[in-house]
2 protein chains.
Amino acid sequence: MNLDKFFNAKNIAIVGVSRNPNKIGHTVFRNLVDIGFKGNIFPVNPYGGEILNKRIYTSLSKIEHKIDLALIAVPAKFVLGVVRDCGKSKIRDIVVYAAGFKEIGEEKLEKDLYKLLKKYKINCMGVNCLGSYDSYTKLDSIFNPRHKMGRPEQGSISFICQSGAVGASTLDMMKAKGYGIAKFISYGNATNVDETDFLEHLGKDDNTKVICMYIEGIKNGKKFLRVAKEVSKKKPIIVIKGGVTEAGHKAALSHTGSLAGVAEIYFGAFKQINLIKADNMEEMFDFARILEKTVEPKGDRVQVITNGGGYGIMATDSIIKNGLQMADMSKETKTELRKRFSDIITVGNPIDLVGNATAEEYGTAMEASLSDGNVDIMLVILLFQTPMLSPNVVDIISELNDLRKKPLIIVSSGGEFTEVLKKDLEDAGVVCYNFPNNAAKSIKQLVDYYLN
Amino acid sequence: MNLDKFFNAKNIAIVGVSRNPNKIGHTVFRNLVDIGFKGNIFPVNPYGGEILNKRIYTSLSKIEHKIDLALIAVPAKFVLGVVRDCGKSKIRDIVVYAAGFKEIGEEKLEKDLYKLLKKYKINCMGVNCLGSYDSYTKLDSIFNPRHKMGRPEQGSISFICQSGAVGASTLDMMKAKGYGIAKFISYGNATNVDETDFLEHLGKDDNTKVICMYIEGIKNGKKFLRVAKEVSKKKPIIVIKGGVTEAGHKAALSHTGSLAGVAEIYFGAFKQINLIKADNMEEMFDFARILEKTVEPKGDRVQVITNGGGYGIMATDSIIKNGLQMADMSKETKTELRKRFSDIITVGNPIDLVGNATAEEYGTAMEASLSDGNVDIMLVILLFQTPMLSPNVVDIISELNDLRKKPLIIVSSGGEFTEVLKKDLEDAGVVCYNFPNNAAKSIKQLVDYYLN
């Protein structure tokens with residue numbers, strides 16, 4: 001199944017285009033124009049006329065160009081007719097936003113649609129979906145208005161999502177947090193293109209380094225496990241499974257009309273093929289960011305560097321609780337560091353640079369850990385509330401991170417001053433967390449993906 | 001032990017005041033002036049002169065007023081001399097910031113100080129501490145400059161903290177997130193006033209509704225358990241214990257020189273006296289906010305209302321996983337709601353108002369749950385990315401919350417638009433979380449504190 005056109009179409013028809021800004025047929029058109037989509041857009045509506053200085057075609061058949069992708073913004077009852085028109089116009093890829101199919105018990109309507117799609121060899125994203133977004137081609141087929149829902153920057157995390165609302169709030173959060181995206185896909189009822197098809201597509205996508213999925217049910221378990229197993233050898237797949245309890249499962253049935261399955265069976269199978277399980281959205285992106293940004297670790301021995309004793313202790317607790325090891329630097333490194341540091345600094349693990357730590361002392365401690373053979377991963381805690389720590393530490397860390405010798409993870413917690421400096425670090429490609437436990441749990445996923 | 005003067009002194013001496021803005025003796029003075037402290041400040045330094053238009057006294061004995069509290073900003077080696085002067089001037093409460101005592105092996109110096117404090121009947125906050133902050137009296141004895149570390153708004157959460165760095169980053173975070181504080185206390189080495197003394201004080205403090213503690217070790221276990229048991233009957237106490245693993249414990253020894261104890265013993269004892277255990281700072285404030293803001297629940301049956309099916313499923317999973325119950329509204333309520341809502345809305349638990357939910361539909365669903373006898377707690381998911389949901393929903397929720405009939409918890413996840421509306425809700429006293437699992441885990445603490 002070739003799904004390239006959903007992300008890389010040149011000529012896009014929007015069927016059911018509307019001048020009413022509250023209609024999907026308006027926002028879909030508007031979003032593509034506003035983002036500066038490079039291809040051609042052909043609005044279609046039987047009433048004709050103009051929209052934003054563009055001629056509206058009265059039917060698909062009137063368009064003189066070959067259409068690569070049709071975005072279908074009509075109510076459920078009109079979908080079959082439009083799909084038939086698409087088939088006649090040899091359009092092979094469509095997005096259908098409309099709800100009102102099997103998720104509300106309209107099984108027959110969805111089956112009829114399925115048959116029609118098969119007849120005309122059409123791939124359908126949806127029905128009952130939000131659309132998709134490619135940050136590289138700028139093909140944005142999402143119907144939510146841009147002021148209500150941000151689109152994240154370019155990045156190498158891709159996100160597949162059954163639920164439109166989960167997808168929308170996640171994109172919005174990614175944009176606000178500055179997490180980059182490659183492709184976003186909301187697939188809704190998966191009438192004839194399902195999560196596995198999109199997963200397979202992302203497996204081959206050069207812009208995608210990490211795949212995140214929110215799934216309630218899986219259409220074809222065997223196919224999913226076979227494909228996911230192959231893809232996860234090439235890139236990490238992080239999964240949130242909705243409907244893991246009996247009550248949650250019941251709620252899933254009336255949502256996208258899919259069977260949520262038995263959680264234990266899912267998780268057992270996921271583990272065998274090296275999928276990474278996340279319990280919530282925050283965890284999913286905590287895991288995705290470390291897998292996206294850092295280099296492969298050589299082992300699980302973590303060196304902690306801190307300017308706050310309490311945070312050093314919490315980090316140590318978190319590292320041990322997550323089944324990682326505290327690194328033990330060589331005698332030579334320790335002796336050298338003790339020579340260079342004053343007596344109030346504890347040289348060990350954690351290295352506690354204490355409350356009047358300077359950026360230069362951080363540099364010294366990090367360089368030592370970077371070259372010490374007993375250290376695999378560095379966890380550096382930066383508390384910017386202390387008086388002597390200058391923002392120069394951001395440059396020092398970014399430069400060491402650019403060497404890409406060992407995973408270098410930052411923990412920094414505070415207010416606005418902290419957030420500004422953390423943003424600088426993240427923009428420079430350094431992974432930052434708010435608290436030691438988020439960091440340690442994420443390091444565990446990194447280690448498990450590459451080494452276990 | 002009367003600790004009132006640390007938070008409510010009229011006449012404060014600052015010993016070791018300095019014109020150098022990089023010195024603690026400067027920032028402590030400056031902070032009190034800048035916050036508009038209502039009492040009198042008496043700067044002391046043997047060199048005399050002036051600072052910010054105020055006369056500097058050359059010694060404590062030269063001050064003509066009775067001093068309630070001395071903030072001692074001199075290095076460790078000068079502390080004993082200053083304490084002796086305080087004793088002679090009948091000063092009974094002091095804050096000592098200096099590090100360089102038992103935490104770096106200077107056991108004798110700390111013992112000598114202890115004896116001197118006993119001789120003169122002086123209560124000492126510290127040594128090796130950050131100071132304290134009372135948002136009501138504006139007595140701010142913290143040495144961190146205000147631009148590097150914010151001070152939170154008035155509120156009813158108080159926070160006791162051994163580690164200065166943990167305290168500083170936490171205050172900074174609280175300020176940025178808009179979480180209110182009553183009193184903040186950093187007690188460092190606890191030379192002669194320890195965590196239990198401060199806990200007892202907060203137990204009697206009318207401004208404090210919830211007590212949060214970060215502790216590495218406890219000075220006197222028996223005393224702590226006795227006091228904590230009494231206090232926790234009146235108000236919830238949430239504890240993070242640093243040094244729970246063997247390695248973390250080892251790190252704690254070189255931090256505040258306290259024995260971290262065996263984690264299992266701690267947690268067993270904590271549970272018996274109804275202390276609430278948090279694993280990290282985020283969790284601590286998730287728990288504190290629900291206990292601060294909501295009314296006492298009558299039971300553990302939670303009704304979920306959502307405009308995103310996926311979030312409804314995740315909420316259901318989280319409620320069940322946390323050992324709470326999904327509410328089952330009465331037949332009458334369900335029939336009534338089915339009459340009022342269109343067919344695409346699922347009336348059950350969750351109530352799924354689907355993607356084009358309006359503020360009015362939220363109002364209808366919330367009012368029904370509020371008056372239904374089978375519902376104890378309401379968990380309302382608001383996804384603002386959807387097209388039809390107007391910001392009016394903020395007023396509707398605030399008004400229902402003001403009735404204070406049942407705990408009403410909001411989950412809302414997204415970007416800037418969402419954050420603005422969430423801030424409005426929080427300002428109106430409504431507790432908000434980013435994800436269903438944070439909310440469910442917090443509801444569990446609320447239920448356990450009041451009902452178990």
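**Symmetry and contacts of a two-chain model**

Chain A can be laid on chain B by a turn of 180° and a shift of 0.0 Å along the axis, with an RMSD of 0.0 Å (least-squares superposition on the C-alpha atoms of residues with pLDDT of at least 70 in both copies). That is the relation of a two-fold axis. Glu282(A) is the residue of chain A that comes closest to the rotation axis, at 6.1 Å (C-alpha). The model is predicted: local features need pLDDT of at least 70, side-chain atom pairs count only at pLDDT 80 or more, and totals for chains, interfaces and linings use all residues. Residues are numbered from 1 along each chain as its sequence is written, while chains are lettered from A and ligands numbered from 1 in the order in which they are written.

Between the chains, 67 residues of chain A are in contact with 67 residues of chain B (C-beta atoms, placed from the backbone, within 7 Å). The largest share of the chain A side, 10 residues, comes from α11(A) (helices are DSSP runs of H or I, at least four residues, numbered from the N terminus). This side divides into 26 nonpolar, 31 polar and 10 charged residues (Ala, Val, Leu, Ile, Met, Phe, Trp, Tyr, Cys and Pro count as nonpolar, Asp, Glu, Lys and Arg as charged, the others, Gly among them, as polar).

Chain A is divided into domain 1 (5-291) and domain 2 (295-451), with bounds from an automatic or database domain assignment. Their centres, taken over C-alpha atoms, are 39 Å apart. In chain A, 9 residues of domain 1 are in contact with 12 residues of domain 2. Helix α10 (residues 281-293) of chain A gives the largest share of the domain 1 side, 5 residues.

Notes:
Two residues are in contact if their C-beta atoms, placed from the backbone, lie within 7 Å. Helices (H or I, at least four residues) and strands (E, at least two) are DSSP runs, numbered from the N terminus.
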